[in-house]
Amino acid sequence: MDEEYDVIVLGTGLKECILSGLLSVDGLKLWKRFRGSDKPPAHLGASRDYNVDMIPKFMMANGILVRTLIHTDVTKYLSFKAVDGSYVFNKGKIHKVPATDIEALRSPLMGLFEKRRFRKFIIYVQDYDENDPKTHEGLDLTRVTTRELISKYGLDDNTIDFIGHALALHRDDRYLYEPALDTVKRMKLYAESLARFQGGSPYIYPLYGLGELPQAFARLSAVYGGTYMLNKPECKVEFDMEGKACGVTSEGETARCKKVVCDPSYLPNKVRKVGKVARAIAIMSHPIPNTDESHSVQVILPQKQLGRKSDMYLFCCSYSHNVAPKGKFIAFVSTEAETDRPEVELKPGIDLLGPVDELFFETYDRYEPVNEPSLDHCFISASYDATTHFESTVTDVLSMYTMITGKTVDLSVDLSAASAAEE
């Protein structure tokens, strides 16, 4: 370990893996983490057949994470499978998210006249080309707000709700008062991703879960001469007289470096708490009801439907993605915590699951960096949010990459390079 490196990356999070290609293995078992020394019941199956992601997130098939994976060539070590369904909670029921003009006409989310108005809006979004003024219908979407654009089509509040939260994947309603171009781009990404594998959703997920990503990056790192170290306890960042990070010490050995990349837990005096996530993890023996027997699915519960300040997210995967034994499903319900009672706060999402074999609850604090990396050479990632998709996560990674290297990643790649598993 007593060597010098350009950058040392600390942590086991996906953001750190994308940035570094480091491999770390967390040996903590799900049952032991939540239930202590009790033995799990036999009806759950063998523990070796479970691959439970503690921060589960789906990938947009045409999104920036997939583009980043292809850019780094890590996709040669991964296989993906399309996610079966994308749903939204509306007026107490689960509905498939309509993403095209044809789906809009079939959706029970809207009445006949609203469907026509929504279809016109969807066609405008589909035809919109930022570089072709003929498709703009006289609107400058860098100035027109999303609310102003949507009001042109006379859509009601329920329709606006699933457009903003289930199609554009905004986390709150601030987008309504911001330039509409971002929302239109997000909706186009959703439709492009949906069309890519022609499945029931715009999302994909790695076979065997997100734990495959660190391993894939480890293989890639080895190819390009990177060094990774497993099970290094109590890593301490060292600073020089000018307050710049200059190394990392573990077990009495110090690896010298010019820059340090880490998650907030390594430098608690350089971050601030910005919120808390409440999460439930359920093991089930059936798909989520009312999702067309989907073996993998995302359901978004918009804040207004729940009378909350933030959305709630339901993530479900199963043995079809090789993350659970045959016949078992793993579901997560998560949201930005607004109380100290996750069991009560998460109830709207849990009520959608049907009977569960086991149910676990937890909360964790979210942090963001407050340091100045140009001064202390410390590049700290923000904590994961409650969403069950990756777009905001990778934006943080790419921003960090630019800060560390002074370069931007060219993501204009051929997406056909990504491998998809056979159904």
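How many of the residues of helix α7 are buried? In this predicted model, in which residues are numbered from 1 along each chain as its sequence is written, local features need pLDDT of at least 70 and side-chain atom pairs count only at pLDDT 80 or more, while totals for chains, interfaces and linings use all residues. Side-chain values rest on heavy atoms, with hydrogens and water left out.

The answer for α7 is 9 of its 11 residues, and the helix is mostly covered. Here buried means under 20% relative accessible area, exposed means over 50%, and partly exposed lies in between, for a 1.4 Å probe and protein chains only. Helices (H or I, at least four residues) and strands (E, at least two) are DSSP runs, numbered from the N terminus. The buried residues of α7 are T159, I160, D161, F162, I163, G164, H165, A166 and L167. Their cover includes β4 (85-90), α5, α6 (146-151), α8, β11 (297-301) and α10.

Two packed helices are described by the angle between their axes and the distance between the axes. Helix α7 (residues 157-167) packs against helix α8 (residues 180-197) at an angle of about 70°, and their axes are 9 Å apart. Axes are lines fitted to C-alpha atoms, for helices over the stretch in contact, and angles run from 0 to 180 degrees between N-to-C directions. The two helices, α7 and α8, are therefore roughly perpendicular to each other; angles of 65 to 115 degrees count as such, those under 35 as roughly parallel, those over 145 as roughly antiparallel and the rest as oblique. The crossing of α7 and α8 is left-handed, a term for a near helix turned anticlockwise from the far one by less than a right angle, with clockwise giving right-handed. On the α7 side the contact is made by I163, A166 and L167, and on the α8 side by R186, M187 and Y190, where contact means heavy atoms within 4.5 Å.

Turning to the strands, an open sheet of 7 strands has the order β5-β4-β11-β12-β13-β10-β14, and its pairing is mixed. Two strands pair if DSSP finds at least two bridges between them. The edges are held by β5 (93-96) and β14, each with a single partner strand, so one side of each is left without a neighbour in the sheet. On average, neighbouring strands of this sheet are turned by 25° against each other, direction ignored.

Within this sheet, strand β10 (residues 271-284) has 11 of its 14 residues buried, so β10 is largely enclosed by the rest of the structure. With strand β14 (residues 358-369), β10 pairs in the antiparallel sense over 12 bridges, and K276 stands opposite D365 of β14. With strand β13 (residues 329-336), the antiparallel pairing of β10 spans 8 bridges. The bridge partner of R279 in β13 is S334, and that of A278 is T335.

A further open sheet has 3 strands in the order β2-β6-β3, with antiparallel pairing. Its edges are β2 (59-60) and β3 (80-82), each with a single partner strand, so one side of each is left without a neighbour in the sheet. Strand β2 is joined by 2 bridges to strand β6 (residues 203-206), and the two run antiparallel; in β6, I204 is the bridge partner of M59.

Charged pairs complete the picture. Side chains of opposite charge can pair when their charged atoms come close. With a salt bridge taken as a side-chain nitrogen of Lys or Arg within 4 Å of a carboxyl oxygen of Asp or Glu, the count comes to 21 salt bridges. In one of them, R117 pairs with E114, the closest N and O atoms being 2.8 Å apart. Both belong to helix α5 (residues 112-127), where R117 and E114 are 3 residues apart and so separated by about one helical turn. R117 is partly exposed, at 33% relative accessible area, whereas E114 is buried at 5%.

Another salt bridge joins R308 and E345, whose closest N and O atoms are 3.0 Å apart. This pair links distant parts of the chain, with R308 in the loop between α10 (303-306) and β12 (312-318) and E345 in helix α11 (residues 342-345), 37 residues apart. Both partners are buried: R308 has 14% relative accessibility and E345 has 8%. D351 forms a salt bridge with K347, with 2.8 Å between the closest N and O atoms, and K347 is partly exposed at 46%. Finally, a network of salt bridges links K57, R171 and D385.
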